[in-house]
Amino acid sequence: MKAVGVLTSGGDAPGMNAAIRSVVRSCVYHGIKVYGIYYGYQGLINGNIEELSIGSVGDIIQRGGTVLYSSRSEEFKTPEGQKKAIDQLNAFGIEGLVVIGGDGSFKGATKLTEQGFPCIGVPGTIDNDIPGTDFTIGFDTALNTVIEAVDKIRDTATSHERVYAIEVMGRDAGDLALWSGLAAGAESILVPERDTSMEAVVNKVKRGHDRGKRHSIIMVAEGVGSAVDYAKQIEDQLDLSTRVTVLGHTQRGGSPTAYDRVLASRLAAYAVDLLTEGQAGRMVGIEKNQLVHDDIMHVLNQSHAIDRDLYELSNRLSI
């Protein structure tokens, strides 16, 4: 393989720049040309492509976001758009593509692979909702961002004896809510993978209040519903002062943690290795701290599952 391309697609995640850096430097190490594709699949169609060097990725490992930028492309979902993309790849002599992103990005990589263009997916999303890997790039950083915010909210919650409902990202996955709720000592954790009745949440808050607890933290994954609605029901049923914090896109930003930098570096380098071995249509991941890879279509056909042991532990510790 003489030339490899790299792009980031979908929502940005801390550690994507570390992954880009790893792709570029791994290619240079192997004597392979490497091209950066700006603005995801739309940029690929438009030909926003340039050759990268070691210097191109200097001083980016600590930066959040993605220096290649990201965008969503409706045009790429069409056969005509995919043909334009492959024409651009061929025009630049690119023979393999590393796609850094989530499930939507991997669907695009699958379309290219089906048409004979080899792609390897690197999971980058703060939601940690990709099967086939224990962790995705960006999850650890987002998790620590949430925990830092919850710790500060707990200070004011204690001072004013209030119930706080905190809404975190996660779409259809509750990993951010579960891990941050467990780490921050939340009284209730609401995730889309488990049914939790409003009655159970209210009763847990009431038990704590009756034994003299001065505050309560309720973690709500956005896929469950609005934290505003949960807070209102608690206030109406218990006559307790409630407040809501929606952390929003602060969870996507910030300098990646050491774990995310190392994870991104390992996964991206492994993706380049697979391309040089002639692999295509694969996703790299990490399981039990070992690098693994799986067929992208197999990954996309699986459902994300929450860690049941962690969920049960959170219930046990929040009595």
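User: Which backbone nitrogen lies 3.0 Å from a polar atom of the Glu 167 side chain?
Analyst: That nitrogen belongs to Ala 227. Please note that this is a predicted model.

User: Where is Glu 167 placed?
Analyst: Glu 167 sits in strand β6, which spans residues 163-168.

User: Is Glu 167 buried or exposed, and what is the nearest side chain of opposite charge?
Analyst: Glu 167 is buried and has no salt bridge. The nearest oppositely charged side chain is that of Arg 252, 12 Å away.

User: Which residues does Glu 167 touch, leaving out those up to four places away in sequence?
Analyst: With those neighbours excluded, Glu 167 is in contact with Val 220, Glu 222, Gly 225, Ser 226, Ala 227, Thr 245, Val 246 and Leu 247.

User: Changing topic to helix α4: how many residues, and what reach?
Analyst: Helix α4 has 12 residues, 103-114, and reaches 16 Å from its first C-alpha to its last. That is close to the 16 Å expected at 1.5 Å a residue.

User: Which of the α4 residues are buried?
Analyst: The buried residues of α4 are Ser 105, Phe 106, Gly 108, Ala 109, Thr 110 and Leu 112.

User: And what covers them?
Analyst: The cover of the buried α4 residues includes helices α2 (40-46), α3 (79-91) and α10 (296-300), together with strands β4 (96-101), β5 (119-123) and β10 (282-287).

User: What follows α4?
Analyst: Gly 116 follows α4, and its phi is positive, near 90°.

User: Which domain does UniProt annotate, and where?
Analyst: The unreviewed UniProt entry annotates residues 4-275 as "domain: Phosphofructokinase". In the model, that span is 44% helix and 17% strand, and its end C-alpha atoms lie 9 Å apart.

Notes. Residues are numbered from 1 along each chain as its sequence is written. This is a predicted model: local features need pLDDT of at least 70, side-chain atom pairs count only at pLDDT 80 or more; totals for chains, interfaces and linings use all residues. Side-chain values use heavy atoms; hydrogens and water are left out. Helices (H or I, at least four residues) and strands (E, at least two) are DSSP runs, numbered from the N terminus. The expected span of a helix is 1.5 Å times one less than its number of residues. Buried means under 20% relative accessible area, exposed over 50%, partly exposed in between (1.4 Å probe, protein chains only). Contact means heavy atoms within 4.5 Å. UniProt positions are given in the numbering used here, feature names are shortened, and annotations may be inferred rather than shown by experiment. Lys and Arg count as positive and Asp and Glu as negative; His and the chain ends are not counted. A salt bridge is a side-chain nitrogen of Lys or Arg within 4 Å of a carboxyl oxygen of Asp or Glu. A polar contact is a pair of N or O atoms within 3.5 Å; within protein, one must be able to donate a hydrogen and the other to accept it, and residues adjacent in sequence count only if both atoms are side-chain atoms.
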